[in-house]
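Please look at the sequence and the structure below.

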Amino acid sequence: MKKEVEKLLQYVQKPARYIGGELNSVVKNPDDIAVRYAFCFPDTYEIGMSHLGMKILYGVVNNMADAWCERVFAPDTDMEEVMRKNNVPLFALESGDYIKDFDLIGFTLQYELCYTNVLNMLDLAQLPLLSRDRTDLTPIVCVGGPCTCNPEPIVDFVDIVFLGEGEENTVEVVELLKYCKENNLSKQEFLNRAKDIKGIYVPSFYKDEYNGDGTLKSLTPINDTPARIKKAIVSDLNKAYYPDKFVVPFINIVHDRAVEEIFRGCIRGCRFCQAGFIYRPIREKSVETINRQSRALIDSTGYDELSLCSLSTSDHSDVGNMLTSLIDWTVKDKVNLSLPSLRVDNFSDELVEQLNKVRRSGLTFAPEAGTQRLRDVINKNVTEEEVINTCTKAFDNGWTSVKLYFMMGLPTETMEDIEGMADLGMQVVHAFYKNPNRQKGTGVQVSISCASFIPKPFTPFQWEPEDTMESLKEKQAHLLESIPSKKIKVSYHETPTSLLEGVLARGDRRLNKVILRAFELGCKFDSWDDKFNFDAWMQAFEENGIDPHFYTHRRRPFSELLPWDHLDYGVSRKFLERENIKAHNNEITPHCRIHCSGCGANMLNGGNCDARG
């Protein structure tokens, strides 16, 4: 660590965020390194250190002999203040070196409200914010993660965009940059070559044009660039890289445990869920692979908790054998096994039997909507009877708390659907007290957590209007009025951040100047309620002559060109249109293992859309 950085630590609340040196962190000799990569998470250390994707790519790059990946997190406001006061640029944790001197600076975009943090980190690094103002070959600024399925609102600030999964093309980009450095090639020559790597999008090679009504007229490729860019995927997770060690933090982080990814993708097809579509096709790890990787992580980190990661844990095709084999050694080694993302429609007796062997905690299920009609609209394929039966089964086995996740503002939603959330919560309470097997003298706690629905790209609802802030507030108030019991607690998201997230999720290139102005007005850490400055954002929109409601409150016709239509995530537009029509007819679509709905994702994996371990 540089002395000028070390002397700042006495002035900040959590110096351990900035010192590096944790167990399993990777330190190399800079003299042996051809490409230095600063992997940036645009939020605080505690959040970024919990992110699995960062752990994977950190290991991928550091497995290369002549490349070195270091971690960088957004300094909290106290650290930023002393850095700016003392003219100390943003630095990486492993070496303490300033990232402005690195070759590659990558940001993972997990949520839209981090965009001003990206600009703030570039500014702290003392680098020009706009890509066109960074004329040297290095550093190359890149972004990846789920938000890059529509990166258009931030493309002015980045050089390349990773679409899809980065385990393989990250290596290709690093090797290309090494080649360009060795041969004294220019930044433009690097970009010309990078565009030919699968899953790499070079935004500066496309020109946007708009219609008189403000809609996108065209996004035209130049420099012999393909009209559509296909995302990258890892075909076989059993053969793909997965870290055998995680960096172990000195302080508590949000998810402070070992994490084993058991599969990618989802069979379900919930129409609101972006992750369920952009991570298709489904690819599983074998039980043998899951066990081997899990043991290695526990041995190398010393964690006493292992969490299984997927979009729906109980949808693994061999979940019974997987849990049996994991529990055989985790119980013996006193390792708690955490199983998030359980479904109410496959919460089997076998699964309950396995869960009884691990440390007891509250259960979380996601009905998503309060009535069966609306659950059919969103294709949740869960009935009220299944919810009640699952909760009853849990109460039979000693559970006393249940959290129910819902969404508010879904297409076609009415106040009756809002009341249905409270009614379903009360049905769960009744199921507890009707249960003859419940533990005497105990009470039940039902938590209703309600998120505001935001239409996202590459979902059947990508054309839908977003509910207004006024309507959402009315629905939130009505939900609270509808709760009949103190046994039910309600929490919900604030509506102003939902408006901004909705704008950024489906916006176009004209939003780049809005984001830049918002940053200039002091916006950062927008996902934190105590730091979010709604008025400054509205000022940024007004100064640039852009109405944010243009992006949120109108229904977009199927004929409209969408800002992300030139990006190919495998799921066809025609399929999404069919699913949208079915939603408005209250029609469901069976999940992938019951019937193939022809979404097109199989073409990404050699015709196979259900690659099981």
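## Overall form

The protein has 613 residues, and a compact globule of that length would have a radius of gyration near 25 Å; the value here is 24 Å, which agrees. The model is predicted. The C-alpha trace spans about 75 × 65 × 50 Å along its principal axes.

The secondary structure consists of 20 helices and 20 strands. Of the contacts with a separation of 6 or more, 77% join residues 24 or more positions apart.

## Burial, surface and charge

Of the 613 residues, 59% are buried. The protein exposes about 24000 Å², and 48% of this comes from carbon and sulfur atoms.

There are 72 positive and 89 negative side chains. The centres of these two sets lie 2 Å apart.

## Aromatic rings

A pair of aromatic rings is described by the distance of the centres and the angle of the planes. The count of aromatic pairs is 13. One of them is the edge-to-face pair of Trp463 and Phe558, with 4.7 Å from centre to centre and 70° between the planes. Trp463 lies in the loop between strand S17 (445-452) and helix H15 (469-482), and Phe558 in the loop between helix H19 (549-552) and strand S19 (567-568), so the pair ties together parts that are 95 residues apart in sequence. Trp463 is buried, at 0% relative accessible area, whereas Phe558 is partly exposed, at 26%.

Phe550 and Tyr551 also form a pair: their ring centres are 5.2 Å apart and their planes stand at 85°, so this pair is edge-to-face. Tyr551 is buried, with a relative accessible area of 2%. Phe395, Phe432 and Tyr433 make up one aromatic cluster.

Notes. Residues numbered from 1 in each chain as written. Predicted model: local features only at pLDDT ≥ 70, side-chain atom pairs only at ≥ 80, totals over all residues. Heavy atoms only, no water. Helix = DSSP H or I, 4+ residues; strand = E, 2+ residues; numbered from the N terminus. Rg over C-alpha atoms; globule rule 2.2 N^0.38 Å. Buried < 20%, exposed > 50% of the residue type's maximum accessible area, 1.4 Å probe, protein only. Contact = heavy atoms within 4.5 Å. Areas by Shrake-Rupley, 256 points an atom, 1.4 Å probe, with all protein chains shown as cover. Lys, Arg positive; Asp, Glu negative; His and termini not counted. Charge placed at Lys NZ, Arg CZ, Asp CG, Glu CD. Phe/Tyr/Trp six-rings, centres within 6.5 Å; stacked < 30°, edge-to-face > 60°.
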